[in-house]
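The sequence and the structure are shown first.

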Amino acid sequence: MATEVGPTSVKAPASGGAPIHHAPKGVGEDNRIATQGRWAAWLLAPTIIALSVVIVYPIITAIVMSFQKDAGLDPATGLFTEGGPAGFSNYTNWIFQQCPAPGGGTVDCPPGTLGAQFWSATGTTFFFAAVTVALETVLGFWMAVIMARAFRGRSLVRAAVLVPWAIPTAVTAKLWLFIFAFEGIGNKLFNTAVLWTGSEWPARWAVIIADVWKTTPFMALLILAGLQMIPAEVYEAAKVDGASAWQRFRMITLPLVKPALMVAILFRTLDALRMFDLPYILTGGANNTTTLSILVINQIRQGFNAAAALSTITFFIIFIVAFIFVRFLGANVVEQTGAGKGKK
Amino acid sequence: MKTRNLLLPIATAGVLAMTLSACGGGGGGTTGGNDAASQGLDGRGPITYVQGKDNSNVVRPLIDKWNAAHPNEKVTFKEQTDQADQQHDDLVQHFQAKDPGYDVASVDVVWTAEFAAKGWLQPLKDKMALDTSAMIKPTVDAASYKGTLYAAPESSDGGILYYRKDLVPTPPKTWDEMMSMCSVAKSHNMGCYSGQFKKYEGLTVNASEAINSAGGAVLDENGKPNLLTAEAKAGMANLVKAYADGEIPKEAITFQEEESRQAFQDGKLLFLRNWPYVYNLATTEGSSKVKDVLGMTALPGKAGPGASSLGGHSAAVSVYSKNKATALDFLKFLTTEETQKFFATKGSLAPVLGSLYDDKELVAKLPYLPVLKTSIENAKPRPVTPFYPAVTKAIQENAYSAIKGEKTVDAALSDMQKSIESASAGQ
């Protein structure tokens, strides 16, 4: 998808007439199209059924569950009893941080409950997403530009760069845990005595460093794919016209790679907003490194229904972010497609 | 070009859906099993025993032995992962599905109350009664909920205070005594004391020990939080003061079991609170600097031995089992002296039978047994409550803030109290 995006606007005049849709849609073809449509529906059905089983059903179940109370304890028998309908109490537990009070009713969630951590976890999640994606984009771009050049051993570099991405996140997290241990390589190498996982900012930076190390190659490859679709002639023409290297980068590379870049950033942002393994293993969520996903997992052990509410909230938060991105991106895409259609 | 238009939303929706569907999997009913508890009591036949990864290969030989003696009631071993959280979640899923295939399950002491309150464990009374008179009492308490035994104690574990024999001729008996010895550590340029103070389950263990050893308790007999006492405050304050004064080194808030063992073995600590497994490694590992000077004693308390948190596992029968008579026999088999001895020698698992701690042959092999016996006899189970996951989080969160000095001891205990109250208020 990303590879397709780059060149279109450039090549549009060349391939202009778009020989893809040859025949105009005549009346006689309606039947054929109807048959085709029916066939298509049949062929798509298995996929759609599979998707509804593995995606739609769990989502609906989660939403239904989020309106159920978690099991409470019957003081007489000491056994759990079904909670019954909850209204919005699972949601207010998170958003307004209202926890159940001992005598009935609710109180502000005391520190030490998961409810009290919702907003700080949301903040942490966005902080991680913003910082890691920004760093990864810059570093990834730089790596992509280097990899796009022709030099001896280029394929080796490209393969080597992918190594951090290929290591499972849990393993990465363990590796960095050893590096950031008090007696670990990190402190030994720089002759420091930082409690990497023991205080707020070092812990956050530990997570960010590990995440950037791991996912920059992914960014680099996506951007590289975009870069390679830019035809060399454009650069040559610019050179002939006397454009400087910076001008060529700003006026040609950036706009032409932007569609691929935006897709890469979107993917990474959505991914970063679900960050779980790295902070979970590195810090256990201590020192303000609890992300929303960690909070969900912690809550699952305490009660499924409140966890369902939290994951629904997380869903909407990420959805809004994705929506903003797609609108932002979509403007570009729609414009190009619109132009294409106009020509047809 | 059209496909490009479509791909983005689809891909986006896909990613989003994954975040949500990953969380929607669990759920379902919570109660039930009360009828099931009266069924299958006389059932005999093949059963399954479920346990976490059998690292030291003790379970298979035992089951082979049982199977040879009971050809019609064979036991199949289902091995889970070696991660406690995953074992817990696996058991929850199977119990929720009322799986009759999970006949006997090995349950961590801190899960017993939760599973019992969900009605998933067969009460071990009447027809299913089990004789526990030979077992050390705290191990039985940890397997009980509301006065009923729900599981057979299978293995135990308790904290031990390791110390440097070369630097401390007589080990401390109380916390204050230990703190007064910290000048020795200072003159040797080492840390004085450490346990496990990273924010994880180990911190609950250490904080409960501090509170219990000072005579306090996290929960009272009725399972209500009881942290606003002078004793609880004194216990928590011990830790906080020691950390502020530097007697507990500052890196200790990043220590789990292994990091603290490493520090002690490298000669950087005078006293270490840890589990019995340290003994073997500290005396045999080539890099250990404490090989010949390793001393062991009971945890220090207020006026005598402290109250260790209890570890270990119990074997419970699922209410959904169809062959409960066989299952009960198997539980008895797991707690015989012979089996317990085998667990201790082959798997270094602390026995639940008091008599074995005085067994000369065993003590020769595992010299920490006498100390461990004191530890376990004085041990307090970690808070026994069906809301354990919430309780342990409340303790970790607030104890961590208190130790780091971000909160006063009073505020931390009051927040702990309120959080536990809120968790057990249900909704």
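What percentage of the 427 residues in chain B is made up of buried residues? In this predicted model, buried residues account for 52% of the 427 residues in chain B. The points below describe the chain as a whole and then its domains.

**Overall dimensions and fold content**

- Chain B contains 17 helices and 11 strands.
- Chain B has a radius of gyration of 23 Å, close to the 22 Å given by the globule rule for 427 residues, and is therefore as compact as a globular protein of that length.
- Along the principal axes, the C-alpha atoms of chain B fill a box of roughly 70 × 65 × 50 Å.
- Of the contacts in chain B with a separation of 6 or more, 74% are between residues 24 or more positions apart.

**Domain arrangement**

- According to the domain assignment, chain B has domain 1 (5-157 + 312-377) and domain 2 (160-308 + 387-425).
- The centres of domain 1 and domain 2 of chain B, taken over C-alpha atoms, are separated by 28 Å.
- To the contact, domain 1 of chain B contributes 11 residues and domain 2 of chain B contributes 13 residues.

**The side of domain 1 that touches domain 2**

- On this side of domain 1 of chain B, helix H4 (112-117) and helix H15 (369-377) each supply at least two residues.
- H15(B) provides the largest share of this side, with 4 residues.
- By class, this side of domain 1 of chain B comprises 6 nonpolar, 3 polar and 2 charged residues.

How values were computed:
Residues numbered from 1 in each chain as written. Chains lettered and ligands numbered in written order. Predicted model: local features only at pLDDT ≥ 70, side-chain atom pairs only at ≥ 80, totals over all residues. Domains from an automatic or database assignment. Contact = placed C-beta atoms within 7 Å. Nonpolar A, V, L, I, M, F, W, Y, C, P; charged D, E, K, R; others polar. Rg over C-alpha atoms; globule rule 2.2 N^0.38 Å. Buried ≥ 20, exposed ≤ 12 C-beta atoms within 10 Å, placed from the backbone.
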